[in-house]
Every structure is written in structure tokens, then in C-alpha cells.
Amino acid sequence: MKSLLLAALVLVSANASAEGQIASLVNFSSTAVRPTTPEGETNVTSIIDASMEYTLPENISFYGGLSFVIGETFENAVSLGSRYYSSTPALQILPGIPMWSFIGGGVSFLDDTVYYPEAGFRIGISDVSRLDIFVKILNSSGDTYDKHVMVGAGLTF
């Protein structure tokens, strides 16, 4: 009987540790490099993302939500992405404030589909909140979004 209870306890413990976390993710990114289109437009000045993020115990997260492009014209779209976080904090800023590095990528379904790689740091500012600092490089078949370098910050809560 004891071995059956031990097996049940191990099974429940393994199941609990395999669960992920769901959090809100809000990002603001601004253009650091913005090429001019052949028509003389510089459309994208900043992007605001409101997403939900699901983080697995394996340090991989998936997020999706809405993106709002602010520039010469306003546009909104659905965005999807994924990130891989370092398994241990890259460094400690102050005692009790860990910082993880991450790489990832995503896609935004704007007028022209935009693909982007991203890299950055996630800073643990509290037990439930994280601050992201990142760089994205937008790639698209259209001139409006292609070759934009975005720097930004985000908050997960």
C-alpha cells in the first residue's frame, strides 16, 4: 500500500511541475532604424503589442495577441511568437533581481506579413512581474515594414 501511495505522490508531483504559466504581456517598441520607402514614406514609428504568454517549464514561451502600429498610418494586426529563455539567470542586477537572456521570433499579419527575430533580457522585478528589454528586426516582402530595427520594453504580469 505504501508503494502505491508513493507512486501516486510522485505522479501528482511530476504533473504539477510540468504545468506552465499564463501571463499578460504588454510591449512597446520604437524604431531605431527606419528606412524610407521608394514612395518617400517612413511608416512605422512604434508598435504596441497586447498579448497572452504561455511559458513552459522548459523555458520556452508562446505568445499571441494584437499589435497596433503607429506611424503615418494606423494599423492593427494579429501577432504570434515564441521565445527561449536561459535556464538560469544570466546575471543578478541587485540581490533578488535576476535577469534572464532570451532569443525568439514571431510573425505579425499586417498589410504585408512581417517576420522578426528578437533577442533581449527579462528582468524579474517582483515575484509576479517581469520587465523585458529587447531588439527586433522586422522583415517583410513589402517596403513599408522591411529592414526596420525596433528596440523596446515590455511588462509581463
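**Exercise 1. How many salt bridges does a search of the whole structure find?**

Start with the ground rules. This is a predicted model, where local features need pLDDT of at least 70, side-chain atom pairs count only at pLDDT 80 or more, and totals for chains, interfaces and linings use all residues. Residues are numbered from 1 along each chain as its sequence is written, and side-chain values use heavy atoms, with hydrogens and water left out.

Step 1. Apply the criterion: a side-chain nitrogen of Lys or Arg within 4 Å of a carboxyl oxygen of Asp or Glu.

Step 2. Read the total. The search finds 5 salt bridges.

**Exercise 2. Trace the salt bridges of R122 and D132, and name the network they belong to.**

Step 1. Take E53 and R122. Their side chains form a salt bridge at 3.2 Å, N to O. E53 sits in strand β2 (residues 44-55) and R122 in strand β7 (residues 113-124), so the pair ties together parts 69 residues apart in sequence. Strands here are DSSP runs (E, at least two residues), numbered from the N terminus. Both E53 and R122 are buried. Buried means under 20% relative accessible area, exposed over 50%, and partly exposed in between (1.4 Å probe, protein chains only).

Step 2. Take R83 and D132. Their salt bridge spans 2.8 Å, N to O. R83 lies in strand β4 (residues 75-85) and D132 in strand β8 (residues 130-140), so this pair ties together parts 49 residues apart in sequence.

Step 3. Link D132 to R122. The closest N and O atoms of this salt bridge are 2.6 Å apart. D132 is in β8 and R122 in β7, so the parts tied together are 10 residues apart in sequence. D132 counts as buried because its relative accessibility is 0%. R122 is buried too, at 6%.

Step 4. Join the pairs. Through shared partners, salt bridges connect E53, R83, E118, R122 and D132 into one network.

Conventions: Helix = DSSP H or I, 4+ residues; strand = E, 2+ residues; numbered from the N terminus.
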